[in-house]
Amino acid sequence: MNGFSFFKKRPDIEKHQNITVPHSGNAGSLSNSYYANLFAILAIAFIVIFAGIGLRDPWPADEPRFVEAAKEMVESGNWFFPLRGSELYPDKPPVFMWLMALLYKLTGSLSSTFMIPNAVAGLVMVWCVFDLAAKLWNVQTARNAAVLLLITPQFVIQAKAAQIDAMVACWITVSMYGLIRHFFVQPSPRWYLFSWACMAVGILTKGVGFLPVFVLIPIAVLHLTGRQRFEQQLKAKALLGPATMLGVLILWLLPVLYFSFFKDNPDYIAYRNNILLQQTAERYANPTGHLKPWHYFIVSVIPVLWFPLYFFLFNKENWKQIFKSPVIQAILVWVVCVVIFFSISPGKRGVYILPALPMLAMVMGALITQSGIPQWINRLFTGVAGIVTVAMAAATVLALFHARVLTKELGDNLLPFAVFFAVAALIWGGILWLRKFRLNLPVYGLALALTWLLYSTWGYTLLNPIRTPAKDIMADVSSIVGQDGELGMTRFKEQFLLFSSVPMTHFSYLSNVHEQDKNAWLWMKEGPNRFILAKNDGDIICFDTSKSQVMGFAHRREWILLDENSLLPECEPPKTIKRYQLTPEAIYQ
């Protein structure tokens with residue numbers, strides 16, 4: 001077993017402390033002090049997660065969409081319905097965009113704030129794991145659980161991104177915190193009702209916010225089989241939980257229904273149908289994208305992005321603890337339910353199972369505190385560090401020789417990347433050397449933290465021009481269109497809206513691309529000095545693309561500018577004339 005004191009074996013893991021207010025223990029001992037450990041963990045989490053904020057722009061695929069919606073909330077004054085290019089954005093509920101918009105409103109800067117909501121969500125999840133583990137077991141378990149969460153790749157990746165998944169995972173984690181605290185620490189109707197309210201806010205962030213409900217399945221089994229009884233928890237206000245969730249949802253749902261039924265605007269009807277049906281049940285049962293086999297998460301996601309948590313299950317001592325502990329059983333069953341739930345749907349993305357990660361890290365922290373870490377896992381950490389060192393060294397050589405595998409992704413100026421890869425190789429190789437090729441989990445975590453800091457600072461500045469080519473394209477387009485010209489877009493991506501400094505007209509993102517072409521043709525015929533920026537995907541109608549001007553490549557597509565010389569003499573009229581004009585009050589900055 002691992003002899004490192006940070007993860008030393010504790011014989012009392014099964015003795016739940018059932019404390020409602022964390023005690024600090026011996027103030028002079030880090031291993032016993034709740035607050036000293038918590039502040040140390042949160043300080044490390046803050047440095048790793050917040051590093052790099054303000055150093056990069058929103059990166060595709062999802063970040064520009066949410067940032068643009070937040071920007072338009074502030075500029076339009078329409079906070080209730082998210083907009084994308086002045087058109088209702090029906091793919092996601094508004095909570096995540098509200099938080100971005102609020103920070104933008106308060107600071108006047110999107111670039112400095114758009115990553116903050118998820119960064120704060122990451123800290124909240126770390127606190128939930130730490131505090132709940134301390135209440136269920138002890139402070140050392142809490143520290144171990146929080147460290148495991150911070151070294152799991154998927155958690156840090158999403159906490160440092162401006163995608164919606166970290167935020168919904170935060171609401172789900174807070175809800176799980178309240179439910180587990182109510183059922184397994186000390187009955188608390190307030191935490192129970194708060195958990196259901198958080199589920200509602202999670203649903204208003206992304207539809208899967210109800211996932212904590214699944215933990216009631218193992219709790220019911222424990223109660224009915226007599227493994228652990230919950231009479232007191234079930235007596236008071238049990239049915240008020242679902243009522244609380246419904247009440248919070250109604251606060252948002254009623255205005256949506258009102259606008260869709262009583263306002264003479266088909267966009268609100270389309271928004272209602274899309275957000276309530278197509279983006280929930282229909283998208284789950286019959287998705288049109290991200291189609292993956294049922295075992296996708298087990299084979300392709302968990303092995304890489306949940307490393308090393310699952311390896312602790314390959315230990316007989318840990319399984320003995322699992323069979324003894326009802327709370328560990330309940331949480332593990334819930335994690336399995338979450339993975340199964342998303343595995344059933346044909347549409348899958350790796351981030352979908354993120355909400356299960358914090359609770360799994362907490363359980364693994366409890367297990368290693370009791371049983372320790374086998375030496376073979378420490379050797380595994382050493383092996384992974386060796387692989388990373390060799391990979392970074394190989395990338396350095398490939399960059400110096402301008403290998404095609406790198407130039408197609410990073411461009412021709414690879415010397416800065418060669419130095420970056422060399423520094424990363426030195427970090428991992430140096431730690432291996434200093435530790436005499438014997439890593440344990442804390443040292444492995446240190447190497448990861450240093451790598452995250454390198455990536456979040458220098459890496460951001462190197463990658464930002466590559467990840468945001470729309471920024472340069474829009475600058476060139478704006479210079480061509482000039483102050484007297486007008487710009488329209490078809491087949492657009494949100495990043496082109498975000499980086500535009502000139503007013504733009506588009507023809508409904510949700511419309512068929514040929515309907516967009518027909519509307520664009522009609523719009524250009526109605527006035528002089530008008531241009532259309534479009535993705536050249538080979539099936540543009542109503543325009544002669546051979547007379548277009550190539551503006552560059554962005555997101556693996558060629559983008560072209562069409563002027564009046566590109567208009568074909570005739571074009572079939574669109575079924576419905578749709579035009580949305582975006583006049584940015586301020587350039588993204």
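Me: Is the crossing of helix 1 and helix 4 left-handed or right-handed?

Reply: In this predicted model, helix 1 spans residues 34-50 and helix 4 spans residues 116-136, and their axes are 10 Å apart. The helices pack at an angle of about 155 degrees, which makes helix 1 roughly antiparallel to helix 4. Their crossing is right-handed.

Me: How many residues of the contact of helix 1 with helix 4 are nonpolar?

Reply: Helix 1 contributes residues including Leu 38, Ile 41 and Phe 46, and helix 4 contributes residues including Leu 123, Trp 127 and Phe 130. Of the residues in this contact, 2 are polar and 1 is charged. The number of nonpolar residues is 15.

Me: Which handedness does the disulfide of Cys 542 and Cys 571 have?

Reply: A search of the whole structure finds 1 disulfide, and in the pair Cys 542 and Cys 571 the sulfur atoms are 1.8 Å apart. Cys 542 lies in the loop between strand 5 and strand 6, and Cys 571 in the loop between strand 7 and strand 8, 29 residues apart. Both Cys 542 and Cys 571 are buried. The torsion about their S-S bond is about 45 degrees, so the disulfide is right-handed.

Me: Which cysteine holds the sulfur closest to that of Cys 128?

Reply: Cys 128 counts as buried because its relative accessibility is 1%. A disulfide requires sulfur atoms within 2.5 Å. The closest cysteine sulfur to that of Cys 128 is 6.6 Å away, too far for a bond, and it belongs to Cys 170.

Note on methods. Residues are numbered from 1 along each chain as its sequence is written. This is a predicted model: local features need pLDDT of at least 70, side-chain atom pairs count only at pLDDT 80 or more; totals for chains, interfaces and linings use all residues. Side-chain values use heavy atoms; hydrogens and water are left out. Axes are lines fitted to C-alpha atoms, for helices over the stretch in contact, and angles run from 0 to 180 degrees between N-to-C directions. Helices (H or I, at least four residues) and strands (E, at least two) are DSSP runs, numbered from the N terminus. Angles under 35 degrees count as roughly parallel, over 145 as roughly antiparallel, 65 to 115 as roughly perpendicular and the rest as oblique. A crossing is left-handed if the near helix is turned anticlockwise from the far one by less than a right angle, and right-handed if clockwise. Contact means heavy atoms within 4.5 Å. Ala, Val, Leu, Ile, Met, Phe, Trp, Tyr, Cys and Pro count as nonpolar, Asp, Glu, Lys and Arg as charged, and the others, Gly among them, as polar. Buried means under 20% relative accessible area, exposed over 50%, partly exposed in between (1.4 Å probe, protein chains only).
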